[in-house]
Amino acid sequence: MAKKIQAIRGMNDTLPEQTPVWQKLESLIRQTVSSYGYSEIRMPIVESTHLFKRSIGEVTDIVEKEMYTFEDRNGDSLTLRPEGTASCVRAGNEHGLLYNQERRMWYIGPMFRHERPQKGRYRQFHQVGIETFGIASADIDAEVILLSARLWKALGIEEHVELQLNSLGSNEERNAYKAKLVEFLQQHEDKLDEDSKRRMLTNPLRVLDSKNEAVQAILVDAPKLSDYFGDETAEHFAKVQAYLDAAGIKYVINEKIVRGLDYYNRTVFEWVTSSLGAQGTICAGGRYDGLVEQLGGKATPAVGFAMGLERIILMLETLELNADVKPDVDIYSILVGEGTDVAGFKVAEQIRDQLPELKMMHHCGAGNFKKQMKRADKSGAKIALIIGESELESGCVTIKDLHSNSEQQTIAIDSLIKVLPTYFA
Ligand code: ATP
Ligand code: MG
């Protein structure tokens with residue numbers, strides 16, 4: 001036998017047994033975003049490399065270490081998208097969607113990052129993101145958070161997630177703070193690890209979310225970003241909190257949340273769970289008022305988030321919340337005897353015409369009664385629809401309920417459309 005070819009490490013197949021829970025999640029997401037009036041946008045998976053360098057930032061983990069970048073046959077540098085915000089802004093600018101107007105959009109799809117694969121961390125993973133444009137006030141910051149909270153409720157995981165909130169201030173406030181932070185870090189440079197030393201020079205805020213305990217111990221005495229907030233930033237942040245309070249959304253302020261991407265300002269947030277181990281952030285987002293202009297558009301305020309679907313699925317599995325998944329087949333036909341295959345096709349098509357909500361699988365490949373019954377059982381179908389020679393002669397079908405011990409019944413084909421739904425009531 002030829003050697004089997006395997007999938008790329010960190011890029012997963014979603015198998016038929018797993019897709020129902022994905023579909024359930026996706027349908028709850030669609031329902032939730034549309035209940036807030038958001039419109040779906042679909043962007044390409046491949047973009048020009050410049051787009052991500054210019055938006056996410058040259059000295060971020062994503063751009064430095066994680067992008068799948070390659071030259072195409074024209075010699076252009078292309079990248080498999082590591083996230084959706086940059087593409088969404090690019091598309092918005094390109095098609096004039098953001099110019100002097102408000103937009104609320106969402107997307108779903110695969111993202112690619114060359115990371116070390118582990119539970120909750122993959123090289124191809126899926127995000128749902130929402131992005132809002134043209135609204136500068138704090139109510140929209142609260143709205144995107146409310147939208148995510150509503151989804152956790154719909155999924156039944158609201159007790160298992162915590163909202164962590166922070167403000168990164170304006171660019172000016174952050175830059176003033178960065179200078180002070182670097183000064184402080186330089187005084188303690190001998191106690192910093194290599195990673196933090198490097199970040200101190202390239203992206204000092206990232207030192208704040210270092211996982212190293214010794215570094216965290218030093219940071220206890222570090223200057224605080226919030227001490228550099230002007231009135232506007234402080235007021236904006238207070239309003240976001242007031243809206244969340246009014247809506248009954250609990251949160252904790254975590255001044256260590258700085259986000260790995262360069263484009264955020266003011267409100268940032270993460271939804272975190274302790275039920276997944278180290279990969280505990282299931283949704284992250286915030287305000288990015290500078291990005292539209294940075295990518296060539298007119299200055300436009302913006303807020304959004306991205307959630308990692310694999311981590312949410314893992315949560316649903318861990319909490320055993322994926323049990324009510326319906327089978328792919330409701331009715332399976334069993335066809336024994338000359339001519340019953342043709343009759344069976346007809347009946348199956350008639351059912352699909354008139355009862356499109358039922359899932360009808362027609363048996364293909366003939367075989368004896370026992371073999372076909374086994375197939376019917378394996379399909380998960382509730383009903384076996386049996387057409388044998390006697391049924392064929394009399395224009396009837398036999399209905400057998402595979403999920404209960406009730407008597408099977410033989411009825412005229414003409415009354416099938418009336419009778420079948422009673423089995424699924
Ligand atoms: P992390 O700190 O876990 O690396 P991040 O800050 O890089 O996350 P974002 O870029 O903000 O993540 O992406 C938003 C969400 O997408 C994350 O909160 C997470 O749920 C999910 N996500 C990010 N990277 C991965 C990955 N490699 N595999 C699976 N999900 C991911
Ligand atoms: Mg990451």
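**Figure 1. Cysteines of the predicted model.** In this predicted model, a search of the whole structure finds 0 disulfides. For Cys88, the closest cysteine sulfur belongs to Cys283 and lies 15 Å away, which is too far for a bond, because a disulfide requires two cysteine sulfur atoms within 2.5 Å. Cys88 is buried, its relative accessible area being 0%. Cys396 also counts as buried, at 15% relative accessibility, because the limit for that class is under 20%.

**Figure 2. Residues around ligand 1.** Ligand 1 is surrounded by 16 residues. The closest of them are Arg113, Glu115, Arg121, Arg259 and Thr281. By residue class, the shell around ligand 1 comprises 7 nonpolar, 4 polar and 5 charged residues.

**Figure 3. Polar atoms facing ligand 1.** Which atoms of the protein lie 2.9 Å from a nitrogen or an oxygen atom of ligand 1? One is a backbone N or O atom of Tyr122, at 2.9 Å from a nitrogen atom of the ligand. Another is a polar side-chain atom of Gln127, at 2.9 Å from an oxygen atom of ligand 1.

**Figure 4. Strands contributing to the shell around ligand 1.** Which elements give two or more residues to this shell? They are β6 (124–133), β10 (281–287) and β11 (302–308). The element that gives the most is β10, with 4 residues in the shell around ligand 1.

**Figure 5. Ser379 in helix α13.** Helix α13 spans residues 369–379 and includes Ser379. Is Ser379 buried or exposed? With a relative accessible area of 16%, Ser379 is buried, since residues under 20% are placed in that class. The side chain of Ser379 reaches the backbone nitrogen of Ala381, at a distance of 3.1 Å.

**Figure 6. Domains of the protein.** The protein is divided into domain 1, domain 2 and domain 3. Domain 1 is made up of residues 19–169 together with residues 229–318. Domain 2 covers residues 171–222, and domain 3 covers residues 331–424. Between the C-alpha centres of domain 2 and domain 3 the distance is 69 Å.

Definitions and conventions. Residues numbered from 1 in each chain as written. Chains lettered and ligands numbered in written order. Predicted model: local features only at pLDDT ≥ 70, side-chain atom pairs only at ≥ 80, totals over all residues. Heavy atoms only, no water. Buried < 20%, exposed > 50% of the residue type's maximum accessible area, 1.4 Å probe, protein only. Near = heavy atom within 4 Å. Polar contact = N/O pair within 3.5 Å; in protein donor to acceptor, adjacent residues only side chain to side chain. Nonpolar A, V, L, I, M, F, W, Y, C, P; charged D, E, K, R; others polar. Domains from an automatic or database assignment.
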